[in-house]
Amino acid sequence: MLEVTELACLRGDRMLFADVALTVRPGELVRIAGPNGVGKTSLLRLLCGLGMPEHGQVSWKGARIDRAREAFHRDTLYLGHAAALNDLLSPLENLRFAAACHGLSADVGQSELALERIGLGPQRDLPAKVLSQGQRRRVGLARLYLSENVPLWILDEPFTALDVTAVRDLAEWLDAHCARGGMVVMTTHQDVPFATPMRTVDLAESAC
Amino acid sequence: MESGQRFSLFRYAAPNVFYPLAGRLAPWFAAAAVGFTLIGLYLGFFVAPTDAVQGEVYRVIFIHVPAAWMSMFIYLIMAFWSAIGVVFNTRLSAMMTQALAPTGAMFCFVALWTGALWGRPTWGAYWVWDARLTSQLLLLFLYFGFMALTRAIEDPRRADKAGAILALVGAVNVPIIYFSVKWWNTLHQGASVSLTKAPSMATTMLMAMLVMALASWAYTIAVVLWRVRSLILERERHTDWVGEVLDAKGAQA
Amino acid sequence: MLSVFLEVLRRDLLLAWRNRADVLVTLSFFTIVACLFPFGVGAEPNLLRTIAPGVLWVAALLATLLSLHRVFSQDHTDGVLEQLLLSPEPPVLWVLAKVLAHWLTTAVPLVIAAPALALLFDMTQSATGVLILSLLLGTPILSLLGGVGAALTLGLRGGGMLLALLVLPLFVPILIFGAGAVDAYLSGTGANAHLMLLGGGSLAALALAPWACAAALRIAVE
């Protein structure tokens with residue numbers, strides 16, 4: 001269970017939002033909504049421990065994430081705006097490196113399968129620099145297919161630059177994760193049909 | 001008792017409490033700085049006897065030595081505040097560090113400048129690669145590096161933390177730099193440029209030097225308090241209490 | 001635990017191999033800087049022999065400085081650095097792997113090229129040996145301290161100049177002991193003390209710098 005209390009975020013010298021409270025329980029799908037610039041990405045970065053909150057705290061399984069960082073990061077997958085791809089490495093190499101850094105055991109077969117499921121089978125050995133924007137995006141998303149046992153997924157605009165079928169497949173995979181008892185916190189500008197009832201948190205209400 | 005003391009110490013670490021306190025203390029230190037400087041310069045320039053070897057030129061040490069002491073000491077204080085900031089995550093300590101840096105660099109520069117002026121008649125050259133002068137020069141670069149880094153980073157919180165790391169890394173290296181330069185100096189220069197030290201320094205000379213050291217202390221404290229005050233106003237301008245302070249100032253004007 | 005270290009090391013070495021022109025650029029820079037000195041001070045053999053250790057050390061130091069931005073900047077722009085910071089393993093491990101990769105792909109080629117440059121300055125064979133030893137013991141400090149500087153200046157405008165201002169004063173002791181080792185050997189006092197200090201410095205930097213570097217990286221992505 002992810003618990004957020006009285007969270008406040010400062011960017012530069014501007015308070016983006018304050019007093020954000022949020023609880024995410026197993027099986028829940030939470031969407032962070034709000035207009036551009038309200039601090040959705042900043043909130044997600046605070047949730048995964050990349051940023052330092054100005055005030056308040058984030059707890060995972062009852063422990064503050066800055067005190068139990070390693071256990072929390074073992075249970076968390078964050079996909080941000082940047083695709084985390086190196087242009088000189090192939091999608092397969094990038095994916096395997098990302099998985100290994102996260103302590104996920106992913107052999108070549110599993111990684112190839114994940115790339116095939118996200119629709120990158122044919123491109124798996126090309127250098128990443130020849131990929132299109134949508135394909136680069138998908139290399140990052142392929143990690144979702146290796147992270148079934150990682151309970152908390154924090155996704156920043158996962159549907160951007162994906163075509164209709166890819167959006168549908170990804171939505172199904174997120175549904176399946178929630179059905180397994182996983183948790184998803186994400187932002188998106190698109191209306192995606194989920195089977196799981198989606199809870200929307202409007203960040204504009206907490207904006208300063 | 002102990003928890004009470006701890007509480008009161010941390011209470012002054014809050015910017016809104018420290019701001020008026022600094023405002024009350026700074027003028028006293030400024031007055032002390034002026035007083036000590038006048039006394040010290042009088043003692044040094046009029047009372048202290050003429051040096052048997054160097055004549056009147058030596059009197060520059062009443063500025064040179066306290067400036068050199070202060071420039072080294074300020075770096076240590078910066079490292080101290082940085083360590084406090086890293087451990088306790090207090091905002092004020094980073095502001096202290098940043099307020100100290102320009103004064104440290106200034107003293108460093110004064111020490112180098114007066115050193116060169118002193119060196120010309122004593123060694124026959126404005127600059128010799130003396131161990132002390134060389135490490136002073138490197139210290140000046142450490143100050144410049146610190147100021148350049150904290151100013152290059154726009155986000156003040158990132159600037160604070162990056163500055164703290166740099167100050168700590170620098171503080172670990174300062175003694176290493178000093179001893180390596182000293183070693184290098186003895187290997188390459190030999191005894192040709194050893195400072196002529198008076199066998200026994202006259203008491204008035206020592207007094208004048210100590211008074212000047214006190215003056216630079218008081219000056220540093222006063223300037224740093226003022227600088228921290230403006231840093232606080234800048235950093236906390238979105239808070240209510242700064243708004244009240246600024247309103248009060250506007251009403252006065 | 002060790003797997004993160006090995007994965008990062010393997011990846012950075014693979015990237016260095018795919019970017020192998022970079023190594024050539026560093027080596028050419030090292031050579032050209034060293035070759036500038038005879039033009040500046042004259043080609044008198046005795047003078048060149050005297051200044052050779054210092055010149056080669058300064059050139060190695062500058063070459064390392066120019067390569068430092070490679071350690072983290074690409075990963076910073078790609079977002080890989082964020083993912084590394086989200087790894088459940090301690091950041092010190094992969095920081096160390098990245099610095100080691102930098103040392104292997106920058107300092108080691110410099111050390112290999114140094115004897116050829118020593119020939120240009122007419123250094124004796126045994127003096128060249130001492131030079132190589134001093135470079136091997138001293139360059140790890142350059143990579144480690146430089147890594148801290150690179151992490152602190154990550155993503156800043158004018159980062160390259162700033163990095164030079166931050167780390168060059170800290171490099172002075174390494175230059176003193178590195179070039180001093182060869183001088184001491186030539187003057188007959190023996191280079192042991194210098195080399196031991198360099199080695200000790202490397203160990204101390206190995207123990208402390210990765211922590212500072214990891215802290216600086218965390219700040220850089222915040």
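Author: Between chain C and chain B, 2 residue pairs are in polar contact, both at pLDDT 80 or more. A polar contact is a pair of N or O atoms within 3.5 Å; within protein, one must be able to donate a hydrogen and the other to accept it, and residues adjacent in sequence count only if both atoms are side-chain atoms. The model is predicted: local features need pLDDT of at least 70, side-chain atom pairs count only at pLDDT 80 or more, and totals for chains, interfaces and linings use all residues. Residues are numbered from 1 along each chain as its sequence is written, chains are lettered from A and ligands numbered from 1 in the order in which they are written, and side-chain values use heavy atoms, leaving out hydrogens and water.

The salt-bridge count between chain C and chain B is 1. A salt bridge puts a side-chain nitrogen of Lys or Arg within 4 Å of a carboxyl oxygen of Asp or Glu. Here Lys161(B) meets Glu222(C), at 3.2 Å from N to O. On the side of chain C that touches chain B, helix 7 (125–152), helix 8 (159–187) and helix 9 (192–221) of chain C each supply at least two residues. Helix 8 of chain C gives the most, with 10 residues. Helices are DSSP runs (H or I, at least four residues), numbered from the N terminus.

Now the area. Chain C brings 26 residues to the contact and chain B brings 27, where contact means heavy atoms within 4.5 Å. About 2,300 Å² is buried between chain C and chain B, and carbon and sulfur atoms give 78% of that. Leu152(C), Leu170(C) and Ile219(C) supply 24% of what chain C buries against chain B, more than any other three residues. Buried area is the accessible area (1.4 Å probe) that two parts lose on being put together, summed over both.

Next, salt bridges elsewhere. Over all chains the count is 21. One of them pairs Glu82(C) with Arg45(A), closest N and O atoms 2.5 Å apart. Glu82(C) lies in helix 5 (residues 80–85) of chain C and Arg45(A) in helix 1 (residues 40–47) of chain A, so this pair joins two chains. Glu82(C) is buried at 16% relative accessibility, and Arg45(A) is buried at 15%. Buried means under 20% relative accessible area, exposed over 50%, partly exposed in between (1.4 Å probe, protein chains only).

Glu7(C) bridges to Arg10(C) at 3.7 Å. Both lie in helix 1 (residues 2–18) of chain C, 3 residues apart, about one turn of the helix. Arg10(C) is exposed, at 56%. Shared partners join Glu112(A), Glu116(A), Arg124(A) and Asp125(A) into one network of salt bridges.

Last, the rings. There are 15 aromatic pairs over all chains. Phe80(B) and Trp81(B) form an edge-to-face pair, 5.4 Å between centres and 65 degrees between planes. Rings of Phe, Tyr and Trp (its six-membered ring) pair if their centres lie within 6.5 Å; planes under 30 degrees apart count as stacked, over 60 as edge-to-face and the rest as tilted. Phe80(B) is partly exposed at 47%. Trp81(B) is partly exposed at 25%. Trp127(B) and Trp129(B) are also edge-to-face, at 5.9 Å and 85 degrees. Ring pairs link Trp127(B), Trp129(B) and Trp184(B) into a cluster.
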